[in-house]
Amino acid sequence: MSRFEDPVIISNSISGAIANRDQCPAIPYTPEEYAAEARRAVDEGASQIHIHARTPDGTPSYEIEDFQAITEAIRAEVDDVIVNYSTGAIGVPIEKRLEYLRALRPDVAALNMSSMNYAKYSKRRKDFVFKAVFENSFDTIIELLQAMRDAGIKPEHECFDAGHVANLDPYLDMGLLEPTLQISLVMGVNGGIRPNARNVAFMSEQIPGGAEGPNNWQVIGVSRDQWKLLAASLNLGGNVRAGLEDNLYLPNGEMAKSNGELIAKARQMAEDVGRRAATVAEARELLGLTPKVTAA
């Protein structure tokens with residue numbers, strides 16, 4: 001297969017909701033900073049931007065006006081990019097998360113596929129940095145799925161373990177989901193599957209239709225294990241996500257100065273295995289999204 005026939009969708013996790021500028025000065029807070037980071041990411045090969053909203057002082061936000069201001073700034077700066085909203089939250093009512101989906105209708109919205117213990121552990125401290133129960137019951141998933149269907153939003157199914165992938169099966173059988181699916185294999189979170197290349201292969205085999213079937217899948221690698229996980233995905237035919245939500249460091253250990261640096265490394269890795277970054281138009285087609293409407 002030629003490089004032209006095997007494009008890879010590179011997604012950018014632009015900010016997240018946990019890390020702050022004390023940890024990495026490049027994390028965007030204001031809409032203008034989000035837009036500048038989106039420009040850098042798209043210029044380096046990203047075709048999808050995953051957004052956690054923040055207020056201009058960096059506080060995580062679930063308000064319509066903050067998602068709207070960030071999205072409008074990005075779309076004013078970047079000619080076209082797939083906009084993907086987070087819906088994951090601990091302690092935020094589901095109705096609050098549905099409000100900004102219904103009001104703003106992004107191209108894609110993340111959908112976590114199971115409840116789990118969710119934590120980060122520090123071997124140095126011999127303690128958890130944070131820990132919580134991440135509720136994503138079957139009823140919660142159904143409510144989010146139905147709202148996304150009504151709003152014309154494509155779900156991105158975030159799966160932190162192999163059983164989370166299997167949770168897609170009943171929704172396919174119920175007719176709430178139809179291929180082409182967008183599935184994310186999230187690795188590197190305490191409470192989820194261990195982050196290694198064998199588990200990338202194992203989880204990819206659980207995808208409905210198989211790793212080489214009709215559905216799109218990507219690997220999200222959290223923390224410094226990210227690069228070996230993305231390498232495994234690229235070699236197995238999957239897509240990849242990189243950005244300051246997931247990991248602050250380049251493979252050589254240097255802290256990234258921008259999302260663009262992380263996306264450039266992911267693009268280089270794709271090219272090194274004979275693939276290339278998909279254009280936004282190609283990514284839209286692969287994911288079954290509506291093409292961008294160009295003014296006459």
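Contact here means heavy atoms within 4.5 Å of each other. Keep that in mind as we walk through this structure, which is a predicted model.

Let's start with helix α9, which covers residues 259-272.

At the start, a side-chain oxygen of Ser258 comes to within 3.2 Å of the backbone nitrogen of Gly260. Just after the helix, Gly274 has a positive phi of about 85 degrees.

Now for the inside. In soluble globular proteins, nonpolar side chains tend to be buried together. The largest nonpolar core in this model has 72 residues, and the members that touch the most others are Ile49, Ile51, Ile74, Tyr85, Leu101, Ile183 and Leu244. Helix α4 (residues 138-151) gives this core its largest share, six residues. There is also a second, separate core of eight residues, with Ile82, Val108, Ala283 and Leu287 among them.

Leaving out neighbours within four places in sequence, its contacts include Ser13, Ile14, Cys24, Ala256, Asn259 and Leu262.

What about cysteines? Cys24 counts as buried because its relative accessibility is 0%. Cys159 is buried as well, with a relative accessible area of 0%. The disulfide count for the model comes to zero.

**Glu33 in helix α1**

Glu33 sits in helix α1. Setting aside neighbours within four places in sequence, Glu33 is in contact with Arg21 and Pro28. A polar atom of the Glu33 side chain also lies 3.0 Å from the backbone nitrogen of Thr30. For a sense of scale, the C-alpha atoms of Glu33 and Gly175 are separated by 40 Å, and the two residues are 142 residues apart along the chain.

**Aromatic rings**

The model has eight aromatic pairs. A pair of aromatic rings is described by the distance of the centres and the angle of the planes. Here are two of the pairs:

| Pair | Centre to centre | Angle between planes | Type |
|---|---|---|---|
| Tyr121 and Phe128 | 5.3 Å | 75 degrees | edge-to-face |
| Phe138 and Tyr171 | 6.3 Å | 50 degrees | tilted |

Phe138 is partly exposed, with a relative accessible area of 46%, while Tyr171 is buried at 1% relative accessibility.

In the other pair, Tyr121 is partly exposed with a relative accessible area of 36%, and Phe128 is partly exposed at 37% relative accessibility.

Finally, Tyr118, Phe130, Phe134 and Phe160 come together in one aromatic cluster.

How values were computed. Residues numbered from 1 in each chain as written. Predicted model: local features only at pLDDT ≥ 70, side-chain atom pairs only at ≥ 80, totals over all residues. Heavy atoms only, no water. Helix = DSSP H or I, 4+ residues; strand = E, 2+ residues; numbered from the N terminus. Expected span 1.5 Å × (residues − 1). Polar contact = N/O pair within 3.5 Å; in protein donor to acceptor, adjacent residues only side chain to side chain. Core = buried A, V, L, I, M, F, W, Y, C linked by side-chain atoms within 4.5 Å. Buried < 20%, exposed > 50% of the residue type's maximum accessible area, 1.4 Å probe, protein only. Disulfide = S-S within 2.5 Å. Phe/Tyr/Trp six-rings, centres within 6.5 Å; stacked < 30°, edge-to-face > 60°.
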